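Here is a friendly look at a pocket and some aromatic rings. Have the model open as you read along.

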Amino acid sequence: MKKLLWWYAWSTYEKEFKDQLKKLGQLDEDAAKALVSYPPKNWCRAYFDTQCKYFMVDNNFTKSFNSWIVEARQKPIIKMLEDIRVMNMLRDHEAEILRWKDEFSPHAMQLFKDYRVIANNCKVVFNGDIGYEVVEGTDRHTVNMELKRCTCRA
């Protein structure tokens, strides 16, 4: 049941969301009613706006980390020690990362394996110069390679 609930938030189109909701309703009608008491537009990907609101995206961790250290040195002792505690916590996670067997996190690898199983059930058909149609069971989605968009919104 836990895995089923996970798919609600990750449903990328409305039909998928409704299919998952129907499955939940068959398992536990009260749970389904409780779930939809919260507006899906606030927590389900199928209803998220796909328009980018801010075009400047900078995920440069090193730049961020260095600016954080400079700020910590200028703070009062208690606040500086708190920042150091957080840095130690990051260092502890570094040791965990070094124990990974793959280049990617175990969680990321599990997601990759799950999506690979799903992809094995898909059929891909070329439908023009810039697109493909992906069929999975009764679901059909169009992929526009030029815009890098799919009707599944994933």
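## Pocket and rings

The largest pocket of this predicted model has a volume of about 630 Å³. A pocket here is an open set of points on a 1 Å grid where a 1.4 Å probe fits, with protein on both sides within 12 Å along at least five of seven lines, and lining residues have an atom within 4 Å of a point. The volume is the space filled by probe spheres set on the points. Of the 22 lining residues, Tyr-13, Glu-16, Ile-118, Glu-136 and Cys-152 are the closest to the centre. Helix 2 (14-27) contributes the most, with four residues; helices are DSSP runs of H or I, at least four residues.

Residues are numbered from 1 along each chain. Local features need pLDDT of at least 70, side-chain atom pairs count only at pLDDT 80 or more, and side-chain values use heavy atoms.

Now for the rings: the structure holds three aromatic pairs (ring centres within 6.5 Å; edge-to-face means planes over 60 degrees apart). Two of them are shown here.

| Pair | Centre to centre | Between planes |
|---|---|---|
| Phe-17 and Tyr-47 | 5.6 Å | 90°, edge-to-face |
| Phe-126 and Tyr-132 | 5.4 Å | 70°, edge-to-face |

Phe-17 lies in helix 2 and Tyr-47 in the loop between helix 3 (29-36) and helix 4 (61-73), so their pair ties together parts 30 residues apart in sequence. Phe-17 is buried at 3% relative accessible area, while Tyr-47 is partly exposed at 29% (buried is under 20%, exposed over 50%, partly exposed in between, with a 1.4 Å probe). Ring pairs also link Phe-17, Trp-43 and Tyr-47 into a cluster.

Definitions and conventions
Helices (H or I, at least four residues) and strands (E, at least two) are DSSP runs, numbered from the N terminus. Rings of Phe, Tyr and Trp (its six-membered ring) pair if their centres lie within 6.5 Å; planes under 30 degrees apart count as stacked, over 60 as edge-to-face and the rest as tilted.
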